[in-house]
Amino acid sequence: MLRGFATALAFLPAICWVGAAIRLLPESPRRDLLDAGWQLGLLPASIAALLAAALTGVLASTVAPPPAYLALGALVLTPLIGCLLLLVQKRKTLRPAGFISIVVVMTIFLGLGTALLLTPFGWLPRTFILFSIGFDLTLLGVAVAVWDAFDAGETLRRDMLRSLIAAAAAAFLFGGLVGLTIVFGTGISAPMTLLLLTTIAAAISVHLLSEPAQQFVDRIAFMREPQLQAARAALRANAAALPRMAAAQDLLELDPAEFTRLTRRALSHYGDLARLAASPLIALPQINARLQARGAADQPIERAVEL
């Protein structure tokens with residue numbers, strides 16, 4: 001049964017990627033309908049089917065696949081193939097250039113890896129298959145981050161490099177301590193390997209969740225000082241926005257469709273000053289005039305407030 005649950009978890013990335021790929025399509029009523037179908041139909045149905053297959057031992061089969069096994073494969077792979085065809089069909093409308101090629105190739109490899117998990121004949125080691133799926137998901141995650149930054153008019157390289165260095169340093173520091181204990185003390189064992197992996201995951205998670213964690217601590221520590229909370233939140237928003245800010249551009253010469261896209265993206269971030277502070281629209285001439293009118297400092301967060 002444990003093997004069945006592990007296999008079920010390995011199928012979830014393919015199902016979740018279908019939802020992410022739908023959101024990459026150009027905005028249209030058709031995309032909204034597909035998104036609703038994924039959220040309300042495919043996702044819960046797939047999770048229920050995987051859970052049932054794991055409980056009944058179907059996913060732990062080591063002989064010829066039963067009909068239920070093949071039906072589960074169709075449930076997982078058919079939507080993935082459908083999304084792949086939609087991405088290829090809309091390839092000319094997706095930006096930035098070269099983005100769709102990476103997404104299509106990695107989607108194909110993700111489908112192949114998932115298909116290999118559905119064949120219980122042991123053609124390839126499961127560890128190799130899971131590693132390949134993880135690699136595909138990493139590249140797909142980078143592609144989605146590039147798309148999101150392009151769609152918001154932000155830059156990604158500096159912020160990603162900073163995050164990578166900080167996460168790697170945290171993982172090396174805390175995971176290294178456990179690794180030294182394994183090498184010079186306990187030796188390799190299942191509990192120590194689990195401890196090593198969970199320590200690395202926790203160290204990276206602390207870095208990724210540092211902003212909401214600081215907000216939570218501020219609410220408790222400065223419960224009676226809302227102005228101090230707001231001031232600290234503004235400073236953090238400024239610091240977070242600076243690496244994501246793209247090079248200055250002449251907004252008055254933008255293509256109307258591009259300006260409309262940036263405007264709609266900014267409206268989707270209404271109330272999120274950290275995201276608005278990285279929008280190219282904070283360089284609008286009207287923002288300069290409003291800042292001067294109220295004598296505010298020329299800071300990204302002040303520009304976001306005016307935007």
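**The largest pocket**

Guide: Start with the lining of the largest pocket, sorted by class: 11 residues are nonpolar, 5 are polar and 7 are charged. Keep in mind that this is a predicted model. The volume of the largest pocket is about 730 Å³. Its lining is made up of 23 residues. Look for Arg162, Ser210, Glu211, Ala240 and Arg244, the lining residues closest to the pocket's centre.

Now see where the lining comes from. Five helices each supply at least two residues: helix 6 (157–186), helix 7 (190–208), helix 8 (210–221), helix 9 (226–241) and helix 11 (273–276). Helix 9 gives the largest share, 6 residues.

Next, turn to the largest nonpolar core. This core has 34 residues, and Trp17, Val18 and Leu87 touch the most other members. At least two core residues come from each of helix 1 (2–24), helix 2 (29–56), helix 3 (67–89), helix 4 (99–117) and helix 5 (126–152). Helix 1 contributes the most, with 10 residues.

Zoom in on Trp17. Set aside its neighbours within four places in sequence. Trp17 is then in contact with Leu24, Leu80, Val103, Thr107, Leu110, Leu140 and Val144.

Technical notes: Residues numbered from 1 in each chain as written. Predicted model: local features only at pLDDT ≥ 70, side-chain atom pairs only at ≥ 80, totals over all residues. Heavy atoms only, no water. Core = buried A, V, L, I, M, F, W, Y, C linked by side-chain atoms within 4.5 Å. Buried < 20%, exposed > 50% of the residue type's maximum accessible area, 1.4 Å probe, protein only. Helix = DSSP H or I, 4+ residues; strand = E, 2+ residues; numbered from the N terminus. Contact = heavy atoms within 4.5 Å. 1 Å grid on protein atoms, 1.4 Å probe; cavity = no way out; pocket = protein on both sides within 12 Å on 5 of 7 lines; lining within 4 Å. Points joined across faces, edges and corners; volume = space filled by probe spheres on them. Nonpolar A, V, L, I, M, F, W, Y, C, P; charged D, E, K, R; others polar.
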